Amino acid sequence: MNSKNRKILEGIFKQPTPSNILWADIELLFLSLGAEITEGNGSRVRVKLHGVRAVFHRPHPDKNTDKGAVNSVKRFLETAGVKNDGI
């Protein structure tokens, strides 16, 4: 995991929850952790990481992820065994 991905991971676990994380950066983080990403219908994105599956919606028209979605990503990562310091 490179330093950019570490900063994104730290941002996801930060309190209070930020609302300025780019969705593209979250997808790059998923990939760096070894996740499989597949396209769903419309703006849906299916993610599988360590046997845990989730479906997210890409934000639009804004590229920033809102606080609710960041919290969902955080719960998904925690369920998949990812902590603020990586795996």
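Colleague: Which residue caps the N-terminal end of helix 1?

Modeller: That is Asn2. In this predicted model, a side-chain oxygen of Asn2 lies 3.2 Å from the backbone nitrogen of Lys4.

Colleague: And Met1, where is that found?

Modeller: Met1 is in the segment before helix 1. Met1 counts as partly exposed, because its relative accessibility is 36%. The C-alpha atoms of Met1 and Leu29 are 8.2 Å apart in space, although the two residues are 28 apart in sequence.

Colleague: Which residues of helix 1 are buried?

Modeller: Asn5, Ile8, Leu9, Gly11, Ile12 and Phe13 are the buried ones there.

Colleague: What do those buried residues pack against?

Modeller: They pack against strand 1, helix 2 and helix 3.

Colleague: Let's take helix 3 then. At what angle do helix 1 and helix 3 pack?

Modeller: The angle is about 105°, and the axes are 9 Å apart. Helix 1 and helix 3 are therefore roughly perpendicular to each other, since 65 to 115 degrees counts as that.

Colleague: Which residues make the contact?

Modeller: From helix 1 there are Leu9, Ile12 and Phe13, and from helix 3 there are Val70, Val73, Lys74, Leu77 and Glu78. Sorted by class, this contact of helix 1 with helix 3 has six nonpolar residues, two charged ones and no polar ones.

Colleague: Now helix 2 with helix 3: what are the angle and the distance between the axes?

Modeller: Helix 2 and helix 3 pack at about 5°, with axes 12 Å apart. Angles under 35 degrees count as roughly parallel, so that is how helix 2 runs relative to helix 3.

Colleague: Who is in that contact?

Modeller: Helix 2 brings Trp23, Ile26, Leu29 and Phe30, while helix 3 brings Val73, Phe76 and Leu77. By class, the contact of helix 2 with helix 3 has seven nonpolar residues, with no polar and no charged ones.

Colleague: Which residues of helix 2 are buried?

Modeller: Those are Trp23, Asp25, Ile26, Glu27, Leu29 and Phe30.

Colleague: What does Asp25 touch?

Modeller: Leaving out residues up to four places away in sequence, Asp25 touches Lys4 and Ile8.

Colleague: And what follows helix 2?

Modeller: Gly34 does, and its phi is positive, near 95°.

Colleague: Switching to the aromatics: how many aromatic pairs are there in the whole structure?

Modeller: A search finds five. One of them is Phe30 with Phe76, an edge-to-face pair at 5.6 Å centre to centre and 85° between the planes. Phe30 lies in helix 2 and Phe76 in helix 3, so the pair ties together parts that are 46 residues apart in sequence.

Colleague: Are Phe30 and Phe76 buried or exposed?

Modeller: Both Phe30 and Phe76 are buried. Phe76 has a relative accessible area of 5%.

Colleague: Which strand residue also pairs with Phe76?

Modeller: Phe56 of strand 4 does. The Phe56 and Phe76 pair is edge-to-face as well, with 5.6 Å centre to centre and 80° between the planes. This pair links distant parts of the chain, 20 residues apart. Phe56 counts as buried, because its relative accessibility is 8%.

Colleague: Which residues do the ring pairs link into a cluster?

Modeller: Trp23, Phe30, Phe56 and Phe76.

Colleague: Last topic, the backbone. Where are cis peptide bonds found?

Modeller: One runs from Gln15 to Pro16, with omega near -5°. Pro16 is in the loop between helix 1 and strand 1. Another cis bond joins His60 and Pro61, where omega is about 0°. Pro61 sits in the loop between strand 4 and strand 5. For background, most peptide bonds are trans.

Colleague: What about phi of His50?

Modeller: Phi of His50 is near 55°, a positive value in a residue other than glycine. His50 is in the loop between strand 3 and strand 4. With 46% relative accessibility, His50 counts as partly exposed.

How values were computed. Residues numbered from 1 in each chain as written. Predicted model: local features only at pLDDT ≥ 70, side-chain atom pairs only at ≥ 80, totals over all residues. Heavy atoms only, no water. Helix = DSSP H or I, 4+ residues; strand = E, 2+ residues; numbered from the N terminus. Buried < 20%, exposed > 50% of the residue type's maximum accessible area, 1.4 Å probe, protein only. Contact = heavy atoms within 4.5 Å. Phe/Tyr/Trp six-rings, centres within 6.5 Å; stacked < 30°, edge-to-face > 60°. Axes fitted to C-alpha atoms, helices over the stretch in contact; angles between N-to-C directions. Parallel < 35°, antiparallel > 145°, perpendicular 65-115°, else oblique. Nonpolar A, V, L, I, M, F, W, Y, C, P; charged D, E, K, R; others polar. Polar contact = N/O pair within 3.5 Å; in protein donor to acceptor, adjacent residues only side chain to side chain.
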